[in-house]
Amino acid sequence: MRIELASVPGSPGCLNEDWVSAALPASGQGGVLVLLDGVTPPPTEPGCAHSVPWFTARLGGALVELSGSRPGLPLSEVLATAISRTADAHRTTCDLSHVRTPQATVVLARWGKRTIEYLVLSDSVLLLEAPDGTVRAVLDDRLDRLPPGSLASHAIVDSTVRNKEGGFFTAAADPSVAARAVTGSASLSEVSAIAALTDGASRWTEMFGEGDWAAALGLLRKAGPRGLIDRVRELESADAEAGRVRLRRGKVHDDATAALVEL
């Protein structure tokens, strides 16, 4: 088994709000991959004394531990329990009802001897490669299906679509959001590799159109996760030099994280 991970902040010297980890059980059978993209809050009081990296580290750690130690627990329940555990860690000091309480997108995959299970919440991406080389992207596309103007400002997002029916959902302080995640499973014999990308890394396909998801996984295999991220940065810099600035969620550069697991 080959596992490669890389994560790069959007700007040098800034805190990276992404989080990624992979774990293999001591039995040597199966494993877990967790990738989070922390949501950057606007420069207003979010009602929380803790940073987004604090939150993603807490939530990510809980997801790894629960996924690995409780193999019989469905991934949606793993996420719900991890959200509750993380909320309890700052419930007495922070306003968890605030719409911008720390939160994150989630990709979670767990595999055993025969089956791989997966969960995706919000706009990070999970790729599943079959033995014949075909690649399937598991996406939660609610953000892309929002009506025009839904993301025009922080105020509009927070009042109309963030963690609301008909909008999009992220892992914050409400464990019931886990039921909104895209989930599924596949026979392990049908999957030869998995990859996970935060939207800062998936720009290679989604923003710049350098290749489809199969090509993105091929680049991950050839150049490694850091190689894909470096290519995204080169494309962003070329845009800036040419006077073109393409924004995704209002950012020229974003924290970028990628993971590849060859099963």
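This is a predicted model: local features need pLDDT of at least 70, side-chain atom pairs count only at pLDDT 80 or more; totals for chains, interfaces and linings use all residues.
Guide: Residues are numbered from 1 along each chain as its sequence is written, and side-chain values use heavy atoms, with hydrogens and water left out.

Visitor: What makes β6 and β9 a pair of strands?

Guide: Two strands pair if DSSP finds at least two bridges between them. Strand β6 (residues 125-129) and strand β9 (residues 193-197) have five bridges, in the antiparallel sense. One of the links joins Val125 to Leu197 in β9. Strands are DSSP runs of E, at least two residues, and helices are runs of H or I, at least four, numbered from the N terminus.

Visitor: Which strands are called edge strands, and why?

Guide: The open sheet runs β1-β10-β9-β6-β7, with antiparallel pairing. β1 (2-8) and β7 (135-138) each pair on one side only, and these are the edge strands.

Visitor: Why is α4 called roughly perpendicular to α5?

Guide: Their axes cross at roughly 105° and come within 9 Å. Axes are lines fitted to C-alpha atoms, for helices over the stretch in contact, and angles run from 0 to 180 degrees between N-to-C directions. Angles of 65 to 115 degrees count as roughly perpendicular. So α4 is roughly perpendicular to α5.

Visitor: How do you know that Asp158 and Arg100 form a salt bridge?

Guide: A salt bridge needs a side-chain nitrogen of Lys or Arg within 4 Å of a carboxyl oxygen of Asp or Glu. Here the closest N and O atoms are 3.0 Å apart. Asp158 lies in helix α3 (residues 154-161) and Arg100 in the loop between α2 and β4 (104-111), so the pair ties together parts that are 58 residues apart in sequence.

Visitor: Are Asp158 and Arg100 buried or exposed?

Guide: Buried means under 20% relative accessible area, exposed over 50%, partly exposed in between (1.4 Å probe, protein chains only). Asp158 has 15%, so Asp158 counts as buried. Arg100 has 7%, so Arg100 counts as buried.

Visitor: What makes Arg85 partly exposed?

Guide: Arg85 has 40% relative accessibility, so Arg85 counts as partly exposed. Its salt-bridge partner is Glu65, at 2.9 Å, N to O. Glu65 has 37%, so Glu65 counts as partly exposed.

Visitor: How many salt bridges does the whole structure hold?

Guide: A search finds 17. Arg2, Glu4, Glu129, Arg221 and Glu262 are linked in a network of salt bridges.

Terms used: Angles under 35 degrees count as roughly parallel, over 145 as roughly antiparallel, 65 to 115 as roughly perpendicular and the rest as oblique.
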